[in-house]
Amino acid sequence: MPAIVVVGAQWGDEGKARVVDWLASDADVVARFNGGDNAGHTVVAEGLTLKLHLVPSGILRPGATCLIGAGVVVNLRALVKEMDELVSYGLDVGPSRLKLSAAAHVILPTHRALDGAREDARGKDAIGTTKRGIGPAYADKAARVNLRLGDMAKPEEFAERVAEGVRAHNRRLQERYDASTLSPEEIAAEYCAYARRLAPHLVDGSALVGEALEAGKTVLCEGAQGMLLDIDHGTYPYVTSSSVIAGGALTGLGFGPKYVSRVVGVAKAYTTRVGAGPFPTELLDETGDKLRGTGTNPWDEYGTTTGRPRRCGWLDLVILRYAARISGLDELALVKLDVLSGLERLKVAVAYERDGEPIKHFPAEFGLEALAEWRPIYEELPGWTEDIMGVRKFADLPAAAQAYVSLVEEQVGLPVTSVSAGPERDQVVTP
Ligand code: IMP
């Protein structure tokens, strides 16, 4: 019966993959609904640290069929590389396990080149994209000129259209950005080989999801990026180009709202952001450095896709309230609470204020200039020094950690149904 939707409630990198990994143990289908290989989903399980960019995080659970849905943009080179890596870890990514919606769109190497050229041309106003071609591919999709994965069913014709697409992009690269071009023939040959390999994975994705839901099976919908990077409701223009919110699962996979039984918002116990754009609770001091870590551990705050250091700051409950409203969240999974251990005092933004006037709602629609005028109002809490990585029950957390989680529940108006206290699959605290 149910579709369960998992979305990020901040600016991405919340740790959605590990939440998807837990929930996937009971899922029949795990389906990615938005974004592309700009995403970096890390799952630590059974001694392995897997960094996934396109393949749904459910791939680690043998019982789940994994689908890359219509709302995703797929860099075929990146997908094939990722599949080969997964095979080297002994995982099955054959056509019966990993399915590709014929309606998902293709990212060409020239989409990536255009993304890079456009970012370079923007100079100090750059968005700070991952340069994975996401914006240009979604732009071609909206302009109705892009290739879809279903076109791979006829590899030779697909190759011809790839070459045409590359030529069109080359003209833009040269004329608009004075940038280097790429070889249409080489890319067409490369993409023709991918088409031959990937064609057996093609399915009617919405039919697969629809039939599973009709049959009473569980479909877990995996979102990429976070609420504030949403194309419509994020901090535009410092956003990604897809629908990141829970509604994006419906459009990105093609099913109706009556099937959604649970929407899980994933939030870090603090806030991070990669790339440019507003960040009201950002910490540009030692506390920010402590949250970021040194980069020696895979779970330190450095981008999974680009390796860029993430901007770090205090937890912002105004943002979480906004995510709760826009995505209709039922619950929160609070991730990385252990990172806060050892901080003497903790601050949490509970509202914003401008000229002494407080607001409790994130003022996203009025744009960046308006947003810059609002300052966070913090509530301060005592920290805890205990190592919480071995804790599994909420009641066994230090009192200060319990108070921190309770403040989140009270202020956002949602239950926190799990807290992660370490990178391993089983380091989860439940009520
Ligand atoms: P794009 O999606 O590569 O176009 O990048 C647009 C913005 O979204 C930039 O600020 C990126 O840093 C950010 N972004 C894209 N994907 C992710 C992600 O998976 N995690 C965090 N930030 C992301």
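A salt bridge here is a side-chain nitrogen of Lys or Arg within 4 Å of a carboxyl oxygen of Asp or Glu. The views below show a predicted model.

**View A. A salt-bridge network of five residues.** Asp13, Lys268, Glu301, Arg310 and Lys336 are linked in a network of salt bridges. The structure holds 23 salt bridges.

**View B. The salt bridge between Arg310 and Asp13.** Their side chains meet with an N to O distance of 3.2 Å. The pair links distant parts of the chain, 297 residues apart: Arg310 is in the loop between helix H9 and strand S13, and Asp13 in the loop between strand S1 and helix H1. Arg310 counts as buried at 5% relative accessibility, whereas Asp13, at 22%, counts as partly exposed.

**View C. The salt bridge between Glu301 and Lys268.** The side chains meet at 2.8 Å, N to O. Glu301 lies in the loop between H9 and S13 and Lys268 in strand S11, so the pair ties together parts 33 residues apart in sequence. Glu301 is buried at 0% relative accessibility, and Lys268 is buried at 1%.

**View D. The salt bridge between Asp21 and Arg61.** The closest N and O atoms are 3.3 Å apart. Because Asp21 lies in helix H1 and Arg61 in the loop between strands S4 and S5, the pair ties together parts that are 40 residues apart in sequence. Both residues, Asp21 and Arg61, are buried.

**View E. Strand S2 and its two partner strands.** S2 (residues 29–32) is covered on both faces, with Val29 and Ala31 buried on one side and Val30 and Arg32 on the other. S2 pairs in the parallel sense with S5 over four bridges, where Val30 has Cys66 as its bridge partner. Four bridges also join S2 to S10, again parallel; in S10, Cys221 is the bridge partner of Ala31.

Notes. Residues are numbered from 1 along each chain as its sequence is written. This is a predicted model: local features need pLDDT of at least 70, side-chain atom pairs count only at pLDDT 80 or more; totals for chains, interfaces and linings use all residues. Side-chain values use heavy atoms; hydrogens and water are left out. Buried means under 20% relative accessible area, exposed over 50%, partly exposed in between (1.4 Å probe, protein chains only). Two strands pair if DSSP finds at least two bridges between them.
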